Amino acid sequence: MTRAVRYIAARTLDTAPVKSLPPGPGEVEVAPAYVGICGTDLHIFHGDMDARVHAPAVLGHEMSGRVVRVGPDTEGWQPGDAVTVMPLRWDGTCPACRAGHRHICQHLDFIGIDSPGAMQQRWTVPAATLLRLPDSVPLDRAALVEPTAVAVHDVGRAEVRGGERVVVVGGGPVGLLIALVARTVGAEVRVVELSAHRRLLAGKLGLATWDPAEQNVPELVREWTGDAGADVAFEVSGAAAGMDTAVEVLGVRGRLCLVAIHPQHREVNLHRFFWRELTLVGARLYDRSDFERAVTLVADGTIPAEQLISKVVPLVEAPSAFEALESGGDVMKILVDCTDEAEEAAV
């Protein structure tokens, strides 16, 4: 048996023993070390995804860890290898897969949502989902590879180019990662964020920020761009006001990349899209090349992962960590330590 963090019902999590499955052909058993709590996990916690998530469900998909056992007919891996997991399992036969878009398979199994996730002490996954981590990367920092891959994919979908003016609306973990990745391709970036704590952290990362509660962001963008407007805006806040801002700041033929999950229908200024010939681009998940790029960015320090980690809690304290993130405050990314040693120390 292995201990896991499970979603039971809206706003109810537990930590309980679950059966550990031995790896079968083409599978690997991993000992997760650190697992990040992300916005999607909070959506699950709130009960917003009950139509998709079947309780009791083991959560978690932002992870790092080490191989423990290798199943039959599985080559290239051995116990002790440091790994992260791209948590996608596709069918390979649907129209999306046949068109080359396997990461948005029409029957996608997002591991950690549609099937058991990483927030447990032992986790069996397809070997094809593994990516090797350099030995030089601390495993706590490596847990941020997955959200960094999201940012890499988003910047790619928006086709951000060097010299472009980019506005990121929402300065949470993914928003800051998008800003950092956009900066790597030579873009000039501004982050719009209400939280003073998040703006302070963004500043420490060398990112310029605006407070939409105190400043007129569209006017600031006009001044910044010589009345041209931004080339690209990323909507990462998930709020109606954030969507309005992201549309308003764009210049002629600007691109709006929708990153946040908007569980409710939003009113959008379509006249603005018509008048300025704007483009709306959806961005969901990532492909393997995005993950490989993310590993490099975390490994070489381009993504200062250690500065984004607010705290690390043992597995048995994960339910309270969800509540801390929900309340906001001075937290960015919380990691759950799933190692046996952390579990024993907390009991």
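**View 1. Cys-105 is a buried cysteine with a relative accessibility of 3%.** Buried here means under 20% relative accessible area, with a 1.4 Å probe and protein chains only. A disulfide is a pair of cysteine sulfur atoms within 2.5 Å, and a search of the whole structure finds zero of them. Cys-338 is in no disulfide, with the nearest cysteine sulfur, in Cys-38, 14 Å away. Cys-338 is also buried, at 1% relative accessible area.

This is a predicted model, in which local features need pLDDT of at least 70 and side-chain atom pairs count only at pLDDT 80 or more, while totals for chains, interfaces and linings use all residues. Residues are numbered from 1 along each chain as its sequence is written, and side-chain values use heavy atoms, leaving out hydrogens and water.

**View 2. Here strand S1 (residues 2-9) meets strand S2 (residues 12-18) in an antiparallel pair joined by seven bridges.** Strands are DSSP runs (E, at least two residues) numbered from the N terminus, and two of them pair if DSSP finds at least two bridges between them. Look for Thr-2, whose bridge partner in S2 is Val-18. Two residues lie between the strands of this hairpin, where Arg-11 takes a positive phi near 65°.

**View 3. S1 also pairs with strand S4 (residues 57-58), in the antiparallel sense and over two bridges.**

Notes:
Buried < 20%, exposed > 50% of the residue type's maximum accessible area, 1.4 Å probe, protein only. Helix = DSSP H or I, 4+ residues; strand = E, 2+ residues; numbered from the N terminus.
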